[in-house]
Amino acid sequence: MQMGRLIAVLMLLLINSISAQNNIIQSKQLKNKTFNAKVIRIIDGDTMEILYQKSPIKIRLAHIDCPEKKNHQPFGTQAKKALSDLCFGQQVTVKSQKPDRYGRLVAVVINAKKQIVNQEMIKLGMAWHFTKYSDDETYANLEVKARKQKVGLWQEHYPTPPWNWRKAK
């Protein structure tokens, strides 16, 4: 009985490893491409999974960083819901850049309403402009506006940016 369980666990680990490798390979092949895909899963406020040519691919939204859901950062759950409301189940246009260090394809996503999802997350006060990886003034200006309007996470007096939250955890 124990040997059977061990074999089952090893098989699952092998399948997961192969799946992760396929995602990295596909992410590299899709670098700097524009394509359409269906959003099949929302992982958190700035990460989703799409189905492209019958293969799931993880997408990390470019230019933004959202509160962490995993470590219970304030507004983490709301950011995930906001992203879901903007694009879950939809055919979207993906304007890819390159894979990040985790193999996720960094991209700008445009939803069925022709909204730039990355920018909408900042407008809703559900994301920071991720200046470590982006110098795009559009995102900087959208964040300034959201702060002034005190929408979403900007309702808090001193919201902690996710990059500082991750360091503290």
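This is a predicted model: local features need pLDDT of at least 70, side-chain atom pairs count only at pLDDT 80 or more; totals for chains, interfaces and linings use all residues.

Author: Gly89 has a relative accessibility of 36%, so it counts as partly exposed. You'll find Gly89 in the loop that runs between α2 (76-87) and β5 (91-99). Leaving out residues up to four places away in sequence, Gly89 touches Lys38 and Val39. Ile40 is 49 residues from Gly89 in sequence, yet their C-alpha atoms are 5.8 Å apart in space.

Now hop over to Thr47, in strand β2 (residues 47-52). Thr47 counts as buried because its relative accessibility is 3%. Its side chain has a polar contact of 3.1 Å with the side chain of Asp46, and another, at 3.4 Å, with the side chain of Arg104. Beyond its neighbours within four places in sequence, the contacts of Thr47 include Ile42, Ile59 and Leu83.

Last stop, helix α4 (residues 137-149): its 13 residues should span 18 Å at 1.5 Å a residue, and the end C-alpha atoms agree, being 18 Å apart. Tyr139, Leu142, Glu143 and Ala146 are the buried residues of α4. Looking down the axis, those buried residues fall within an arc of 100°, so they line one face of the helix. They pack against β4 (64-65), β6 (105-110), α3 (117-123) and β7 (128-129), while Glu137 and Lys148 are exposed on the other side of α4. Where α4 starts, a side-chain oxygen of Asp136 comes to within 2.8 Å of the backbone nitrogen of Thr138. After α4 comes Lys150, with a positive phi near 55°.

Definitions and conventions. Residues are numbered from 1 along each chain as its sequence is written. Side-chain values use heavy atoms; hydrogens and water are left out. Helices (H or I, at least four residues) and strands (E, at least two) are DSSP runs, numbered from the N terminus. Buried means under 20% relative accessible area, exposed over 50%, partly exposed in between (1.4 Å probe, protein chains only). Contact means heavy atoms within 4.5 Å. A polar contact is a pair of N or O atoms within 3.5 Å; within protein, one must be able to donate a hydrogen and the other to accept it, and residues adjacent in sequence count only if both atoms are side-chain atoms. The expected span of a helix is 1.5 Å times one less than its number of residues. The arc is that of the directions from the helix axis to the C-beta atoms.
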